[in-house]
Amino acid sequence: MKRAGLFGVPRVRPWSWQAFLLGFGVVAASAAIQGICVALGAKLYFAAFLPSLFVLGIVAGAPAAVFAALLTVPLVWWAFIPPFFEFMPLTSANADSINLFCLLAVLLIGLADLCRETMAIISRGGLKPSGESAATNSQ
């Protein structure tokens, strides 16, 4: 029986420079996709970044995904929130968009970390039953 995995996608060690470089590359690719969406008239500022954060969290771990999320906020503020390519004070609607992105990013990164740990447990052969449990310990 075949073990669960990422279908041949290599996983990167968390806290490595490769993980953070991958995070930077994912943000750059998401920014290009978001630029196309904005050019077509979309007003969802963080639409392309959320799925990529989840995939990055699974592949490279939570630290790289948090780095990418922290890099995303000033990038979107500067490049995609009008007026484009300048930092201006945020309106309340724009601040709410950033707050919602932060909330969703925390939830997605947490879920990705849980998925990553679950896949690691499954690839090791699952949870092994111990000889005694705490409930049957006779002290």
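In what follows, a residue is called buried when its relative accessible area is under 20%, exposed when over 50%, and partly exposed in between, with a 1.4 Å probe and protein chains only. On that basis, 29% of the 139 residues of the protein count as buried. This is a predicted model, in which local features need pLDDT of at least 70 and side-chain atom pairs count only at pLDDT 80 or more, while totals for chains, interfaces and linings use all residues. Residues are numbered from 1 along each chain as its sequence is written, and side-chain values use heavy atoms, with hydrogens and water left out.

The protein has four helices and zero strands, where helices are DSSP runs of H or I with at least four residues, strands are runs of E with at least two, and numbering starts from the N terminus.

Turning to one pair, helix α1 (residues 17–39) packs with helix α3 (residues 62–79) at an angle of about 35°, their axes being 9 Å apart; axes are lines fitted to C-alpha atoms over the stretch in contact, and angles run from 0 to 180 degrees between N-to-C directions. Taking contact as heavy atoms within 4.5 Å, the residues of α1 that meet α3 include Phe20, Phe24 and Val27, and among their counterparts in α3 are Phe67, Leu71 and Leu75.

Lastly, methionine 119 lies in helix α4 (residues 92–123), and it counts as buried because its relative accessibility is 15%.
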